[in-house]
Every structure is written in structure tokens, then in C-alpha cells.
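Thanks for coming. I have one model to go through today, and I will keep to what can be computed from it.

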Amino acid sequence: MIKVVIVDDDPMVRTGLRLILGGEADLELVGEAGDGRQAMAVIRDLGPDVVLMDLRMPHQDGLTTIEVLLDRPAPPRILVLTTFDADDMVLRALQLGAAGFLLKDTPPPKMIDAVRTVARGEPVLSPSVAQQVIAAATGRYAAQRPAAQRELARLTEREREVAIELARGSSNAEIATSLSVSVATVKANITRIFAKLGTDNRVHVAMKVRDAGLL
């Protein structure tokens, strides 16, 4: 059973998510909160596996809440929900360690799959949103391109291919199909990529690929 908490200041959004998730046998909606301060207490008391987190909220925003939560031992996986505004808030949430992000109007089946995916420890980068974030960030971080290119030069050709697929938001299984290799081979390449780039976060790899101009 995957325990879920919803954090959003809009009661209608919380109601919609409650209806979407409530009918799934393997998902248990254990609590909800209307702002970041409430969320801290709810999450502390209920210990959810996954938190659906809005970013713009009164009293304490989503970014502050994510930063505090992910600094605790055994934190939940954070899935950011946004109406999307290509700004630094979404990028910052990923840098802080959010498991991914989705538009609030994501179709219910994809929303449910996303919760299950992050609960398994895999990231969710909605392709339509990811491309907008990448486009918005490419010009802003153009000065970082030479450094990012030097870092990615450490990778083998196969590792670069896997890194690019990661940046596109592909799952391990999707990467394996795209590159005609086994999932085990994909995982081995990801482990080597992490070691060479000094990270353990798929999102950080994606941002390096973006900064290097490979998308």
C-alpha cells in the first residue's frame, strides 16, 4: 500500500486528486494540507510514501517545505504538481531533490502511474513540461555550457546516449527499448554516469545534459 499526502492550497484541487486516487486499491490517501506549515505536521504524523506538492501556497511555500522535508531522515518522495510557469521555482524544486513534476491537468491514469513510479524510487518528468523547462533554462544557463560539456566528455558514447534519454524523462525500461539493450545494462550505465558526474540524482544528470546543449 502506497500512503499519499496531498498538499495544495486550492480545495478544489485537493478534492479532484482525492477522487482520482481514492479508487485505487494500492493507494491510500492518508492526509492533506492547505499550506506548507500544515504539511510539515501532517507528514510528520502520518509518514507518507509520496507527497503531491503544490509550489505556490500561503504561509510556507512548496520550495521551503520540500527543502525542510528532504533534509530529514527517510523523507517521502515529492511529486510537484503545477499549473506550470517556466520559472526558477520548478527548476529549484528539482535541484532540491523533488522526484519530478506534473501538470495539474495531467490525465488521471497518468497521475496514478506517476504516484506509483515515484513510490518505486524512479523519477517522473512529464515530457511536455520537461521540454518547456529545458527551453526556458537553456538560454538562462548558457554560460554553464562549456563546463557541462567538459563534464559529459567523461562519459562513453553509450553513457551519453543513456544520459540524454534520462534528460528526456524516459524510464529505465523505455531507455532499454530505445537503445536495444537490457534494463540491467541501462542500470549499469546509470551507475557509471552517477559516479563520473558525482551525483546520485537523475534530475541532476538531466540538467547537465540540458546545460551542455545536447537536447
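Predicted model: local features only at pLDDT ≥ 70, side-chain atom pairs only at ≥ 80, totals over all residues.

Residues are numbered from 1 along each chain as its sequence is written, and side-chain values use heavy atoms, with hydrogens and water left out.

First, the overall counts. The protein chain has 11 helices and six strands. Helices here are DSSP runs of H or I of at least four residues, strands are runs of E of at least two, and both are numbered from the N terminus. Of the 215 residues, 48% count as buried; buried means under 20% relative accessible area, exposed means over 50%, and partly exposed is in between, with a 1.4 Å probe and protein chains only. Contact means heavy atoms within 4.5 Å. Among contacts with a separation of 6 or more, 68% are between residues 24 or more positions apart.

Now helix α2, residues 36–46. Its buried residues include G36, A39, M40, V42 and I43. The buried residues of α2 pack against β1 (2–7), β2 (27–33), β3 (50–53) and α3. At the start of α2, a side-chain oxygen of D35 comes to within 2.9 Å of the backbone nitrogen of R37. Just after α2, G47 has a positive phi of about 55°.

What does L69 touch, leaving out residues up to four places away in sequence? The list is M40, I43, M53, P75 and I78. L69 sits in helix α3, residues 62–69, and is buried, with a relative accessible area of 1%. L69 and M40 are 29 residues apart in sequence, and their C-alpha atoms are 7.6 Å apart in space.

Next, the helix pairs. Two packed helices are described by the angle between their axes and the distance between the axes. The axes are lines fitted to C-alpha atoms, for helices over the stretch in contact, and the angles run from 0 to 180 degrees between N-to-C directions. Under 35 degrees counts as roughly parallel, over 145 as roughly antiparallel, 65 to 115 as roughly perpendicular, and the rest as oblique.

The axes of α1 (residues 11–22) and α5 (residues 108–119) come within 10 Å and cross at roughly 75°, so α1 and α5 are roughly perpendicular to each other. L17, I20 and L21 of α1 make the contact with P108, M111, I112 and V115 of α5. By class, that contact has seven nonpolar, no polar and no charged residues. For the classes, Ala, Val, Leu, Ile, Met, Phe, Trp, Tyr, Cys and Pro count as nonpolar, Asp, Glu, Lys and Arg as charged, and the others, Gly among them, as polar.

The axes of α8 (residues 157–167) and α9 (residues 172–179) also come within 10 Å, crossing at roughly 130°, and α8 and α9 are therefore oblique to each other. In this contact R158, E161, V162, E165 and L166 of α8 meet I175, S178 and L179 of α9. These residues divide into four nonpolar, one polar and three charged.

Last, two loop residues. Most residues other than glycine have a negative phi. H59, in the loop between β3 and α3, has a positive phi near 70° and is exposed, at 58% relative accessible area. S180, in the loop between α9 and α10 (183–197), has a positive phi near 55° and is exposed at 66% relative accessibility.

Conventions
Polar contact = N/O pair within 3.5 Å; in protein donor to acceptor, adjacent residues only side chain to side chain.
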